[in-house]
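I opened this structure today and kept short notes. Here is what I looked up, entry by entry.

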Amino acid sequence: LGKPTDLVQGTLDLLILKTISLEPMNGWAIAKRIVQVSNSVLQVQQGSLYPALHRLEHQGWIKAEWKDSENNRRAKFYSLTAAGRKQLKSELDNWRRLSGAIELVTQAG
Amino acid sequence: MPWLAKFRSTVRWLLRRGRAETELDDELRYHYEREIENNVRAGKPLEEAKLAAQRLIGPVSLFKEECRDARGAGWFENFARDLRYAAHMSRRTPLFTAVAIGTLALGIGANSTIFTFVESILLRSLPVPNAQQLVSLNWGGMVNISYPNYIDFRDRNTAFSNLAACRYNPANVSVEARDNFRVWGYEATGNYFDMLGVKPLLGRFFGPADDDKPDAHSVVVIGHAFWQSRFAADPNIVGKAVKINGFPFTVVGVAPPSFQGTEVIVTSDYWVPMSMEREIEPGNDWLGARGSQQVWVLGRLKPGVLRGQAEANLDRIAEQLARAYPNDLDLKAKFHLSRPGLIGQTLRGPITGYGGVLMAVAGIALLLACANLAGMLLARASDRHREFSIRLALGASRLQLLRQLLTESLLLAVSGGLLGLAIAFGVCQLFSSWQPGFDLPIATALHPGSRVLWFTLIVALSTTVLFSLTPALQAISKAQRVRLWSVRDLLVAGQIALSLILVVSSVLVVQSLRHALTVNLGFEPNGAVSVSFDPRLQGYSEERLRRFDADLLHNAAKIPGLESFGLVNNLPLRMGENNFVVSRADRPAPKPPDQRSAISYNISPGYLRAAGTKLLMGRDVNAYDREGAPRVAIVNEALVHVLFGAENPLGKRMRVGSREVEITGVVETGKYEFLGEDPHPAVFSPIAQSGLGWTTLVARTPLPAETATELLRKAVLDLDPELTLFNTGSLKDQLALPLFPARFAAIVLGVFGLLAMALAATGLFALMSYAVSRRTREIGIRMALGARPAQVLSTVLKRTLILCAAGISIGTIATLAAGRLLTAILYGVSPRDPATYTAAILLMAAVALVASWNPAARAVHIDPARTLREQ
C-alpha cells in the first residue's frame, strides 16, 4: 500500500464540488468516484474527506440530506447549493489558469 | 457566506450536538461498512476485509474532531473540557477555592452594592415615558423660582412642549377623626401629570382645569404605598373624602406603584393642585408674589430641541422679565438645565462626590483582592509546576495550558461574581426594609437593575484578567523569577495597616455609642415619653395656639399616673434648633466677630421637670410669666459662663435676639445639636411670652411607654381630632436620630474593617503559601540535614513577621494621627484609647496567625525524602 497522494486542501474542495455537481452523492461514493475517475492516481483519505465535507457545508456551498442509498441503507447525500455552484465555477477557472500556467512553465525550454 | 450565517450554523450544531454527533457516527459507520462490503465483493475473507477498511479509514476520533472544528464548534468543546477540568481542580483544593471565591465575592459584592446606590440615584431616569426629554430648571444656581415668574416662562417659551412646577411639603391627612397622618407630597401645577405622561392606577390625575383659580379645586391624588398602607388598597377610593390640614379634599385618583414623584431620594404620598397652596401651607401665600422663590420647575423639551437652545430661550425671557421687574430679578442669573430628581441639580454634586469616594474605596479593595489572589495563584503555579511539565512533555501546547489556567481563573471569578451579586442583592434588600426615623420619607427601596448585572459581569471578567494573567504566564514559562521583596509584600503590609486603622476606628465608635447612652444629655431619656404635632399646618392663629396650649396643659393635669409634664417646641438633639444672638443688656451689643449665640427653646411650666433637666438655681417658668408680665428666661451654665463668668446671673438682664429678658433660673448644660458637641449656651423662654409653633408634649411617668404615649395622644386628639402626631414614643427610642451618624459610621467602618481584615488575611495567606511552595526543596534539604521544625518555621515566618510588624506600626501611627477626625462622632472615649489599640493589634496578630497557619503547617510537614526525589 503506497502512501496516497497528498492533496492540497483547496484541490480536494474542487474535486468534491465537481464530483457532486452531477448528482447528490454520499461520502463513500465521492471517494470511490474520485479514485475511479482519476484511474486510482488520486486517493482520498477519509480523514481529509469528511472534515472537508463538513467545512464545505458549514460554508454553505453544499447541503446534506439523509436518503436511502443504492443498497437500501440510509446515507448522507451531499449536493451543491447555488452558492456552491458559483464557487465551483470560480475554483474551476482558478484551477485551469493555474494548471495552464504550470503546463507552460514545465513545457518551456 | 456572511459571518452571521456561519455563526447560525455553529449554534445549530451546538444546539443539536447530540444528534449531530450520532449523525457523524452514522455517516462514518456507513463508509466503513461499504468499504468492508466492497472488499468482500472483491473476494477477501470478512476479517481481512474489516482490517483493510480500518487501515484505510485511520484514526476516526481524530477526524471527528476535525469535523467539529470545521463547524467552528471546536472551541466550545475545548472550553467545556477546560471548564470540567477547572471544576475538578477547584474541588481538589477546597481551601484555596473557598478563600479565592470568598475574597472575590467580598470585593465584587462591595463594588456592586455601591454601584447599585450610585446607579439608582444618579444614573436612572424617572420612570416616565421619554424621560430623556425631561429637564429641571436651575436659575443662577438656584432651583426655586417664584410662581409668577414660572407662569411667564411657561407662557412665553418656545422650547418646551410643557413646563410644570411643583413643591414638596408635609401635610396632615385625616381619613376619619383621630386617624391622621403626617405625610409628604407635592403641590403641582395642572399640567404636571400631562407633562410627565404617567397614567393613573385608579381614577384620574388632575389637569389644568383643576388648577385654574386659587382655593377652588380641593382634589387629591394619593400615592400607591399610602393607598395600600392607610386605605387598605380600597378599590373604591376614588370619590371618597379626606381632610388635609383640616380642609375637605376629594380623592380623584391613585398613582401607579412605579411613580413616586419627581424627586429620586424621597417618596410622595399625595399630589394636590398648586392652586390649593393656602390650604396646604397655612399662613403662606406666594402664588402672586414675584419676589418669593418657591417652586421647582420641570419641563419636557420639544422633540429636536437641545438643552443649550432651551437655556438660551429661557435666558432671553429672563432678560425681558428682569427689565420689567428690576427689583425682584437678578439680571445676571443664567439658566442651566439638568436631569431632574435631585432638587434640580442641587444634590447631584455632593452625591456624585460621595458616591465617587465610595466607588474608589471599593475599587481599591477589589484591586487589593486581585493582587492577593494573584499571589495565591503564583503559589499554586509553583505547586503545579510538575503537572505542567508533564502535560507539556505529553504534547500539550503552552497556549493550551494558558487557556486552561485562564479558564480556571474565569471559573473562580464567575463564582465570586455570582456570590458578590448575591451579597449586593442582600444588602439592597436589607436597606429596602430599613425605615429611617426621620420626619421625611426617604426612598429606601432599591431594585438592582440590568445595569448592575452588566456592571458585575464586566467587573468579574476584568478581575479575571487582572489576577490571573501574570501568574498564568509565569506558570507556563520555564524560568521562575525570584525577588527578595516585591511590590506584593508592600501591599500586604499596607493592607495590615489599613485594616488596623479601620478596626481601631470602628471599635472606638462602637465604644462611644455605649458611652453616649450614659453621658449627661441635659435631660433624662429614661422614663419619659413625648408626642409632637404642628398646629400651624392646621392653620392655627397665634391666639388659638395659645388657648390650645393652655387647654392641653389643663387636660394633661387630669391624666392619672404622670409625675410631671410640659410643652417644648422641639426636644434637644432633634435637629432644626433655633439660634439667637445673646448679649448682656448692661453692656453695648458686640459686633459680629464677638457675638455669642445661644440655642433657643420655648418651654411651658413643668417641662424642665418632665424632661429631667436639673434646675441649678433660681426658679422654673410659671403661670405668671405670661404676655404683659416682665419677660424672663432660664439659661444654662454654659451661657452663664460665657456672658457672666463668675457673677451671679440671677436677676441680670440679657438680650435674646431683639428681646430683652431677665434671667430667673439656671439649668445644667446638656447636648443640643449632636452628642459630641462642646458645651453650648442655651436659653429657655416661657411659651406664653414667646409663642409656640411646632409643639412637643413631654411627660415623665412610671407607666409603660406605650400606655403613656397613648394617654398623651388622647389628650391632644381630644382637643383637636384632626391634629397629626409624629415623633411619638419614649425619649430613649427617639434618640435613634442623634445616634444615627455614629451608628452609621460604626456600620460602615465595621464593614470596611472586616473587608480590609479579610483582604489582609488572604494577602498574608498568599504570601506565605508562595514562600513555602518556592522553598519546598530548600526546606526539604534543611530538614534532611537535621533542621528542627522550629527552625523551619522561623525560616518561613521571618518575612511574615517583618511585614506584620511593619503593617501594624504604620497602622498604629496613622490611626493616632487620624484620630482627631473622629472626635466629631466620638463621645466619652479618647481617640487614643490604649485598650482599643491593644485589642485591635492583638486581633490583627491573631488574623495573621490564622492566615499563616496552613502554609506554615505545610512547611513543617514537608517530607524531605519525597521533595528531594520529586524535584
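These entries cover a pair of strand residues and then the nonpolar cores.

**Entry: the model.** I am working from a predicted model.

**Entry: Arg584(B).** I looked up where Arg584(B) sits. I found Arg584(B) in strand S14 of chain B, which covers residues 578–584. Is Arg584(B) buried or exposed? Its relative accessible area is 7%, under the 20% cut-off, so Arg584(B) counts as buried. I then checked its side chain. A polar atom there lies 3.2 Å from the backbone oxygen of Leu643(B). Beyond four places in sequence, Arg584(B) also contacts Phe644(B), Glu647(B), Lys652(B), Arg653(B), Met654(B) and Arg655(B), besides Leu643(B).

**Entry: Ser583(B).** I moved to Ser583(B), also placed in strand S14 of chain B. Ser583(B) is buried, at 6% relative accessibility.

**Entry: the cores.** Which residues have the most contacts inside the largest nonpolar core? I noted Leu104(B), Met376(B), Phe467(B), Ile496(B), Leu764(B) and Met844(B), in a core of 44 residues. Helices of chain B that give two or more residues to this core include H6 (94–123), H16 (487–516) and H26 (834–860). I picked out Met844(B). Among the residues it touches are Ile496(B), Leu500(B), Met757(B) and Ile808(B). Another core, of 43 residues, lies apart from the largest one. I found Val519(B), Leu573(B), Ile603(B) and Phe684(B) among its members.

Note on methods: Residues numbered from 1 in each chain as written. Chains lettered and ligands numbered in written order. Predicted model: local features only at pLDDT ≥ 70, side-chain atom pairs only at ≥ 80, totals over all residues. Heavy atoms only, no water. Helix = DSSP H or I, 4+ residues; strand = E, 2+ residues; numbered from the N terminus. Buried < 20%, exposed > 50% of the residue type's maximum accessible area, 1.4 Å probe, protein only. Polar contact = N/O pair within 3.5 Å; in protein donor to acceptor, adjacent residues only side chain to side chain. Contact = heavy atoms within 4.5 Å. Core = buried A, V, L, I, M, F, W, Y, C linked by side-chain atoms within 4.5 Å.
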